[in-house]
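This briefing concerns a predicted model.

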Amino acid sequence: AGRRLAEIAVAPCREDWVMAEPLEALLAREFGAAFDDLRTSLPTRPDGRYGPFTTRSLSIIRHLAWHHTAGAKDAPWRAVAEGHIARDFAGIGYHFGIQGGRLAYLGDITTSRANVADYNPWVIGICIAGDYTRGAPSAADLDVARRLVAVLDRYLGRELPNEPHSKWVATACPGDSVRAPANIEFDGLTS
């Protein structure tokens, strides 16, 4: 505890890789009609107190950080983005959202967003819509989560550890039912 992610030994990064296909094309092929690219349609506010999201190299990404919205399972991603903007973020803090058996690409993974305070440069933020302090994600949402992890591992050329938001900061996110082994094993969300 207290160590920055950059100091934690993880799978080595390949600095020389070049993807032949954009990530959004891989996601569209994997998820078909159950994929929505919302990156350009969600509201943003780059002049907020924290400034715009910064660009980063994919080689510095070290973890997948899992979240829940702590709200209704059917809340639109636009409403989540507006809530983040109200907190002075530049836009939605997550890179991906899972809801109703669908995947939404919310924020480009080449940006350091706002989902794990002090660790944003090193994580990809993935959020499952709902409040998992009171219930578990659906089987369809867990299937999307597993498939997303597999695509990201292939795209990045390495396996990233899956960690709950609460690993880094004192929070209930992503909820006890998500952290409980009987419901989701983060180690089980590997390709």
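The model is predicted. Helix α1 spans residues 23-31, and three aromatic pairs are present in the structure; two of these pairs are described here.

**Helix α1**

- Leu-23, Leu-26, Leu-27 and Phe-31 are the buried residues of α1.
- Viewed down the axis of α1, these buried residues fall within an arc of 110°, and they therefore line one face of the helix.
- The cover over the buried residues of α1 includes the strands β1 (35-37), β4 (96-99) and β5 (102-105), together with helix α3 (139-156).

**Tilted pair: Tyr-50 and Phe-89**

- The rings of Tyr-50 and Phe-89 form a tilted aromatic pair, at 5.9 Å centre to centre and with 45° between the planes.
- This pair connects distant parts of the chain, as its members are 39 residues apart.
- Tyr-50 belongs to the loop between β1 and β2 (54-55), whereas Phe-89 belongs to the loop between α2 (77-86) and β4.
- Phe-89 has a relative accessible area of 15% and is therefore buried, the cut-off being under 20%.

**Stacked pair: Phe-96 and Tyr-105**

- Phe-96 and Tyr-105 form a stacked aromatic pair, with 4.8 Å centre to centre and 15° between the planes.
- Phe-96 is buried, at a relative accessible area of 0%.
- Tyr-105 likewise counts as buried, at 1% relative accessibility.

Key:
Residues are numbered from 1 along each chain as its sequence is written. This is a predicted model: local features need pLDDT of at least 70, side-chain atom pairs count only at pLDDT 80 or more; totals for chains, interfaces and linings use all residues. Side-chain values use heavy atoms; hydrogens and water are left out. Buried means under 20% relative accessible area, exposed over 50%, partly exposed in between (1.4 Å probe, protein chains only). Helices (H or I, at least four residues) and strands (E, at least two) are DSSP runs, numbered from the N terminus. The arc is that of the directions from the helix axis to the C-beta atoms. Contact means heavy atoms within 4.5 Å. Rings of Phe, Tyr and Trp (its six-membered ring) pair if their centres lie within 6.5 Å; planes under 30 degrees apart count as stacked, over 60 as edge-to-face and the rest as tilted.
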